[in-house]
Amino acid sequence: TMIGRGTGVTAAVCLLGCVGCSRSGTTERFAQNGIVVSRVVAAAPVAAGTPSEAAVAVYLTIANEGDAPDTLVAVESPAAARAQVHGEMPSGGMTMMMPVAAVPVAGHEVVRLAPGGLHVMLEGLARRVAAGDTIPLVLVLRRAGRLRVRALVVRYADLQQALGVASAAPVQVPSLRLARSDGGVFDLADERGKVIVVFFGYTHCPDLCPLTLADFAWARRRLGARADRVRFVFVTVDPGRDSPAAAMAYARQFDSSFLGLSGDSAALARVEQAFHVASWVTRDSVGNVLVAHSASVFVVGRDGALARVIPHSEVSVDEITAAVTDALGA
């Protein structure tokens, strides 16, 4: 996955105020007109480089606490020459970054800009940064207006924890409820005692999704008789084109035991939020549908707790088999 790494400004130039903000490390919250932004985090560079050539990715969570929908239409930063929202898209076996014109945030919805999906890309930074520094940003929202925030710079090793998706304690996964092709509902709470392996994708994906499901199929074969205690699940992020029947048919091309799930946009948003997954679906200038999505594999243990998240860069038959084997235990 291509995530920007670079250098930027020191904390000395980051003395921007905010409306209704409170500070406590990565729990800092910025609020304005019903929009609350939290967990604004950037990763410190892992390699040296000139600031003018450097780029860094910023991740954050936007919560709309009101009824009226809003839209993130632009991002600005005095610390960088350019600031844009980018989405990551698989292309030719690689994950490419593409600018995103707008990010809708429906009423009472939470949108996460997270590794593997949407993020703010800052390019042409002014000075170097290190862990503990902050970077100023202005989020421009269509309804809420200009919201000043600041990103806390952390080490790459601490990024997942800073984003709230890693902990020394097991992470209990909220209920995953989505429609099956037979008209029923798949509920993760009903699967206790089994290991559940989850991947988010879409049926029109040219490479990343079929490769991952092919890895699922090989891993299932390697598990042998233990595979009876494992459920492999494909969840679409493209409900406009992927009905429950289409998602199921796609998944079962790889193995007849695989489940493919879909649902309406609201249901899928809840599931993505529970798994800290980011995705977006848009169209280019000639009407082609473009989809980007997080590409991690999630392994849920027999107790319903998240046992392992395998990053896209580490997904392989060996890693999936090992993670499932560990989750199965004795």
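Okay, let's start with a pair of side chains: Arg-143 and Asp-70 form a salt bridge, 3.7 Å from N to O. By salt bridge I mean a side-chain nitrogen of Lys or Arg within 4 Å of a carboxyl oxygen of Asp or Glu. The two partners come from distant parts of the chain, 73 residues apart: Arg-143 is in the loop between strand E10 (134-141) and strand E11 (145-154), while Asp-70 is in strand E4 (residues 70-76). Helices (H or I, at least four residues) and strands (E, at least two) are DSSP runs, numbered from the N terminus.

Before I go on, a word on what we're looking at. This is a predicted model, where local features need pLDDT of at least 70 and side-chain atom pairs count only at pLDDT 80 or more, while totals for chains, interfaces and linings use all residues. Residues are numbered from 1 along each chain as its sequence is written, and side-chain values use heavy atoms, with hydrogens and water left out.

Back to our pair. Which partner is buried? That's Asp-70, at 3% relative accessibility, whereas Arg-143 is partly exposed at 36%. The cut-offs there are under 20% relative accessible area for buried, over 50% for exposed, and partly exposed in between (1.4 Å probe, protein chains only).

How many salt bridges are there in the whole structure? A search finds eleven. Let me show you two others. Asp-187 and Arg-177 meet at 2.9 Å, N to O. That one joins strand E14 (residues 185-187), which holds Asp-187, to strand E13 (residues 177-179), which holds Arg-177, with the two residues ten apart.

Arg-308 is partly exposed at 27%, and Glu-319 is partly exposed at 28%.

Now the inside. The largest nonpolar core has 53 residues, and the ones touching the most other members are Phe-200, Phe-216 and Phe-275. A nonpolar core here is a set of buried Ala, Val, Leu, Ile, Met, Phe, Trp, Tyr and Cys residues joined through side-chain atoms within 4.5 Å. Elements giving two or more residues include strand E15 (195-201), helix H3 (244-251), helix H4 (265-274) and H5. Which element gives the most? H2, with seven residues.

Take Phe-200 as an example. Leaving out residues up to four places away in sequence, its contacts (heavy atoms within 4.5 Å) include Val-235, Val-271, Phe-275, His-293 and Phe-298. Apart from this core there's another, of 38 residues, with Leu-72, Val-85, Val-111 and Val-153 among them.

A bit more on H2. Its 16 residues reach 23 Å from first C-alpha to last, close to the 22 Å expected, where the expected span is 1.5 Å times one less than the number of residues. Its buried residues include Leu-208, Thr-212, Asp-215, Phe-216 and Ala-219. Just after H2, Gly-224 has a positive phi of about 60 degrees.

Asn-33 isn't a glycine, yet its phi is positive, near 50 degrees; you'll find Asn-33 in the loop between strand E1 (29-32) and strand E2 (35-43). Arg-39 isn't a glycine either and has a positive phi of about 45 degrees, but Arg-39 is in strand E2, partly exposed at 27%.
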